[in-house]
Amino acid sequence: MLDGVLLGLSTALSMQNIILVIAGCLIGTLIGMLPGLGPMSIIAIMIPIAIKIGDPSSALILLAGVYYGAIFGGSTSSILINAPGVAGTVATSFDGYPMARKGEAGKALTIAAIASFSGGTVGAVLLMGFAPALSSVALLFHSAEYFALMVVGLSAIAAFAGTGRVVKAMMMTVIGLIMATVGESALFNAPRFTMGLQDLQSGLNFITIAMALFALPEALFLVLNPKRGKIEGTSGKIDNLRISRKEARQIAPVIARQSIQGFLIGVMPGAGATIASFLGYAVERNIAKGEDQDEFGKGSVKGLAAPETANNAACTGSFVPLLTLGIPGSGTTAILLGALIALNIDPGPRLMIDHPDTFWSVIISMYFGNVILLMLNLPMIPYIAKLLTIPRNYLIPFILFFTMIGSYIGQNNATELLILAGLGVFATILRFADYPLPPLLIGFILGGMLEDNFARAINLTDGASFMYERPMTLGLLIIGVGLIALPAYRRRRARALAKGVAPGD
Amino acid sequence: MTLDKAIAVLFLLIALIYGYASFTYHLLPFERNMSFLPNTFPKALSVLAIILSLIIIVTPKPAGDSDEPGDMDIKKLGRYNIMQASGMIIAMVLYALLLRPIGFIPATIGFLVGTGWILGERKLHYMIAIAAIGTVSIWYLVQETLGIYLKPLPWFM
């Protein structure tokens, strides 16, 4: 492991990569602050640039920097104007905005920055321990286990979709898998389901799909509802960035607990920064006693530190399944996975062996990224926050334009833009109907791999007997089914309870 | 019928068409002896999709279904700016159709100014200046830094 760390250090400390971390964090913070652009959209826009860089380590370092920069930027707008740019920072506004209204905006930003820094750093340390361990186990996996593992990943994503949405999430996953079968696959080399259209022969482009699913609906919502992302009474100047010793003592245990809890939630597929931040907030409110508890929601420093620590730790945690198993746990990591595939890197347990420089330099660069967020972005926040005053008449056209150019320059094909507009409208309607969209993208990205591994396993055993003959495959498949069945069972029981049926039947 | 059920019906239709296409998939002669066929996985997916869409259609919507905080609500549809949003979509389609013939720079400036106008911006001199500066600098970045060719000007120039 020490070799790896040293290799990672030497790669991450090259001039180019340091500049890329700084650039990534800055771009992420700037854009993450704007309403309507979350980390997924920003990363999707940055992918052509990352691919142009060519070196996978540098590309991933840039994109990871953008990712946590965006989460940090999202907290800033949550605190200052009560308009979270990112779902993972909604919980931040519960206590951050009241603090800002009390004239403590500077203090709130400092606490958010320290909490993010600690969460991210503890997350990176845990990632360093977790990832290689999981990688060495994953090396024992065979295509049958891979297939089963992806089934577990996809069902976990559906299971975490929330009550009443599990079937919808599964439906979206299957639609994503169906979309992945369009075009030529690696195993068959003959076009399938292209409806005779030449433009579909190489399959649908994942950047277009990512833009259509996430960036476009957000932009359209900004148009539909002018109140969304509008400044509701700014809190005035950001002056005093200092926090007192007493406050530091108050938030220290919160940060310690939430770093670990957030990381563990982030590792689970499907439960990303959003769930981690809400859960972190809820847990800390329950732990707090007396006056401390009453303070929550009115500008408690603990209530601000908890979700901020948890969401950054979870962002780092979500890299564990991505780097070790090649299975993305969230929409954002799914886009990162797509970028890695485009850079000719096969993510999975072999990543640590075949591309140790990429593997380790990304982890090491996370430390730098967190330091940069704390040292560079925090003092600059008062100036960056000016961005929030851009009028929407200027902002929205540019957001739409960036969405289109992101999917256009990858392929240089104007048909992509028509697909983007069509899918974007459909995705907006799906959001209205409360269908979760990340499962669709994850299904689409995993579809090819899922089918290839399934085919390989069937070819090797000449039938589907591998599903019950290999104990590890069987175990994983049972977990997958259990993940889906459990929420359905609990929902049925909750409904029965509501009707007055006694529990235990 | 609520919107989510209507969408489930649409998914059911898609699944049926997809299922038909995968069950009647024309196999090449050498493919017939393979144990895993190009339509094996699609067949399974279509069956799964049909079952799931039927479940969504028949299960009643749970009471007290709370939305995500800050998410959009179909019940408030009447209060939203539907016309502006449709204008954005039409502008995007026009942009897609015009990008090649009239070139990147005119198409983009036109798109930015047009969508700004739809959103209610009436200070056109500002908007055109900002759009022109933004477009040319992005064109320069993409073309020169990323090395991706974008035809800047119309076909006759």
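Among contacts in chain B between residues at least 6 apart in sequence, 60% join residues at least 24 apart; two residues are in contact if their C-beta atoms, placed from the backbone, lie within 7 Å. This is a predicted model, in which local features need pLDDT of at least 70 and side-chain atom pairs count only at pLDDT 80 or more, while totals for chains, interfaces and linings use all residues. Residues are numbered from 1 along each chain as its sequence is written, and chains are lettered from A and ligands numbered from 1 in the order in which they are written.

Chain B contains five helices and zero strands, in the order α-α-α-α-α from the N terminus. Here helices (H or I, at least four residues) and strands (E, at least two) are DSSP runs, numbered from the N terminus. Of the 157 residues of chain B, 25% are buried. A residue is buried if 20 or more other C-beta atoms lie within 10 Å of its own, exposed if 12 or fewer, and partly exposed in between.

Between the two chains, 53 residues of chain A are in contact with 52 residues of chain B. Several helices of chain A each supply at least two residues of the side that touches chain B, among them helix 3 (39-53), helix 9 (206-224) and helix 18 (392-411). Helix 18 of chain A gives the largest share of that side, ten residues. By class, the side of chain A that touches chain B has 38 nonpolar, seven polar and eight charged residues; Ala, Val, Leu, Ile, Met, Phe, Trp, Tyr, Cys and Pro count as nonpolar, Asp, Glu, Lys and Arg as charged, and the others, Gly among them, as polar.

## Helix 18 of chain A

In helix 18 of chain A, 15 of the 20 residues are buried, so this helix is largely enclosed by the rest of the structure. At 1.5 Å a residue, its 20 residues should span 28 Å, which agrees with the 29 Å between its end C-alpha atoms; the expected span is 1.5 Å times one less than the number of residues. A:N412, whose phi is positive, near 55 degrees, follows helix 18 of chain A.

Axes are lines fitted to C-alpha atoms, for helices over the stretch in contact, and angles run from 0 to 180 degrees between N-to-C directions.

| Helix pair | Axis separation | Angle |
|---|---|---|
| Helix 10 (residues 245-267) and helix 13 (residues 301-317) of chain A | within 7 Å | roughly 30 degrees |
| Helix 3 and helix 9 of chain A | 9 Å | about 140 degrees |

Helix 10 of chain A is thus roughly parallel to helix 13 of chain A, whereas helix 3 and helix 9 of chain A are oblique to each other. Angles under 35 degrees count as roughly parallel, over 145 as roughly antiparallel, 65 to 115 as roughly perpendicular and the rest as oblique. The crossing of helix 3 and helix 9 of chain A is left-handed; a crossing is left-handed if the near helix is turned anticlockwise from the far one by less than a right angle, and right-handed if clockwise. The residues of this contact of helix 3 with helix 9 of chain A divide into eight nonpolar, one polar and one charged.

## Positive phi in loops

A:D434 is not a glycine, yet has a positive phi of about 65 degrees. A:D434 lies in the loop between helix 19 and helix 20 of chain A and is buried, with 22 other C-beta atoms within 10 Å. A:N344, also not a glycine, has a positive phi of about 70 degrees. A:N344 is exposed, with 9 other C-beta atoms within 10 Å.
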